[in-house]
Amino acid sequence: MATEPILSVRDLEIRFSLRGRKLTAIRKCSMDLFEGETLAIVGESGCGKSVFTKSFIGMLDANGSITGGSIMYRGTDISKYKTEKEWLTIRGGKIAMVMQDPMTSLNPLKKIGVQIKESIELHQGMTGDSARREAVEMLRKVGIPEPERRYNQYPHEFSGGMRQRVVIAISIACRPEILICDEPTTALDVTIQAQILDLIKRLQSELHMTVIYITHDLGVVANVADRVAVMYAGQIVEYGLVNEIYYDAWHPYTWALLSSLPQLGVKGEELSSIEGTPPNLFNVIKGDAFAPRNRQALAIDFVKEPPFFDITETHKAKTWYLDPRSPKIEQPEVIRNMREKMRVKG
């Protein structure tokens with residue numbers, strides 16, 4: 001893995017104006033992305049995963065804005081970009097995104113081939129027949145049979161899995177350095193999910209891309225990621241190599257997520273779930289945002305926000321449990337036995 005990050009986010013803050021009130025969706029969030037790796041960002045719905053990554057390509061909703069921090073890409077702080085002209089130098093050609101629902105990404109009134117061709121013309125500078133040939137090649141590359149015929153079809157003539165392949169074709173036609181995959185398999189059945197994940201993995205290798213996966217499915221993470229960042233209430237609370245997160249997690253929220261894996265369920269027993277609800281981000285959050293849902297929360301968790309503590313060189317967690325002054329807190333049994341359980345279930 002490269003030592004210098006291709007993308008470095010520091011203390012990013014994003015706010016939305018809603019009915020005269022301010023909602024802080026991303027709260028001083030930091031992250032490094034290294035060239036060639038696959039980073040998975042995991043967490044419950046509403047924790048800020050999509051908002052966080054959409055800020056990398058200038059696609060926040062009109063009522064949202066970056067109000068603090070930096071996003072350094074190749075030595076430039078792109079968080080300072082304000083105009084569409086500036087963002088078009090990054091979006092697509094440098095950083096592209098595969099959305100979770102292909103039907104909201106594709107124009108139902110335009111032929112598939114035309115939509116891919118537009119992307120090629122915009123970002124690769126090709127025109128006419130050469131752009132058309134490249135579009136057909138993109139369809140072939142993502143595994144769509146009879147690409148010449150399919151080029152002239154409309155989105156409704158494709159299955160859900162094939163539409164997702166088309167969306168991927170549009171994204172890689174831009175030849176991006178970074179590909180963000182926002183829950184790319186959510187609406188697909190399990191067999192098609194596996195095919196799409198394999199496709200992205202193959203394309204990443206062929207085109208030398210760096211990939212960010214956004215997902216709440218920890219099963220997907222185990223199969224695709226090099227590193228994992230766990231997100232809660234607009235912050236990354238733990239990150240590390242995939243094995244470190246699965247087998248030696250230390251943030252109580254990561255414990256709760258892993259304990260909820262269906263694969264770890266015992267026949268006849270109730271599946272584990274996370275009690276309570278995430279905090280209201282209209283309010284100022286005091287201490288550890290997860291504390292009200294954590295039965296083992298310390299008194300300081302309700303008073304002061306924890307810093308990141310080093311577990312290894314590659315693994316950090318934002319929890320007071322790791323402070324040397326903290327009372328001894330042991331990992332839950334399900335986490336301590338995770339390696340054995342995953343082997344048995346697998």
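Let's start at one spot: glutamate 238 sits across from alanine 317, a residue of strand 12. The model you're looking at is a predicted one. The two strands around that spot are strand 10 (residues 235-241) and strand 12 (residues 316-317), and they pair in the antiparallel sense through two bridges.

Zoom out and that pair turns out to belong to an open sheet of eight strands, ordered 6-7-8-3-9-10-12-11, with mixed pairing. The ends of that order are strand 6 (95-98) and strand 11 (309-310); each of these edge strands has a single partner, so one side of each is left without a neighbour in the sheet.

Helix 7 (residues 160-173) lies across strand 6 and strand 7 (178-182), and its direction is at about 175 degrees to strand 6. Helix 8 (residues 190-207) packs on the sheet too, touching strand 3 (38-42), strand 7 and strand 8 (210-215). Relative to strand 8, the direction of helix 8 makes an angle of about 160 degrees.

How do these two helices sit against each other? In general, two packed helices are described by the angle between their axes and the distance between the axes. Here, the axes of helix 7 and helix 8 come within 11 Å and cross at roughly 15 degrees. Angles under 35 degrees count as roughly parallel, so that is the label for helix 7 and helix 8. The crossing of helix 7 past helix 8 is right-handed. On the helix 7 side, the contact is made by Gly161, Gln164, Arg165, Ile168 and Ile172. Helix 8 answers with Ile192, Gln195, Ile196, Leu199, Ile200, Leu203 and Leu207.

Serine 8, for instance, stands opposite methionine 72 in strand 4.

Follow the chain past strand 5 and you reach lysine 82, in the loop between strand 5 and helix 2 (84-87). Is lysine 82 buried or exposed? The relative accessibility of lysine 82 is 68%, and exposed means over 50%, so lysine 82 counts as exposed. From lysine 82 to tyrosine 154 is 72 residues in sequence and 34 Å in space, C-alpha to C-alpha.

Helix 11 (residues 252-259) tells another story: eight of its eight residues are buried. Those buried residues include Tyr253, Trp255, Leu257 and Leu258.

Finally, the cysteines. The count of disulfides comes to zero. For cysteine 29, the nearest cysteine sulfur belongs to cysteine 47 and is 9.3 Å away, against a disulfide cut-off of 2.5 Å. Cysteine 29 is buried, at 1% relative accessible area. Cysteine 181 is in no disulfide either, with the nearest cysteine sulfur, that of cysteine 174, 13 Å away. Cysteine 181 is likewise buried, with a relative accessible area of 0%.

Methods
Residues are numbered from 1 along each chain as its sequence is written. This is a predicted model: local features need pLDDT of at least 70, side-chain atom pairs count only at pLDDT 80 or more; totals for chains, interfaces and linings use all residues. Side-chain values use heavy atoms; hydrogens and water are left out. Two strands pair if DSSP finds at least two bridges between them. Helices (H or I, at least four residues) and strands (E, at least two) are DSSP runs, numbered from the N terminus. Contact means heavy atoms within 4.5 Å. Axes are lines fitted to C-alpha atoms, for helices over the stretch in contact, and angles run from 0 to 180 degrees between N-to-C directions. Buried means under 20% relative accessible area, exposed over 50%, partly exposed in between (1.4 Å probe, protein chains only). Angles under 35 degrees count as roughly parallel, over 145 as roughly antiparallel, 65 to 115 as roughly perpendicular and the rest as oblique. A crossing is left-handed if the near helix is turned anticlockwise from the far one by less than a right angle, and right-handed if clockwise.
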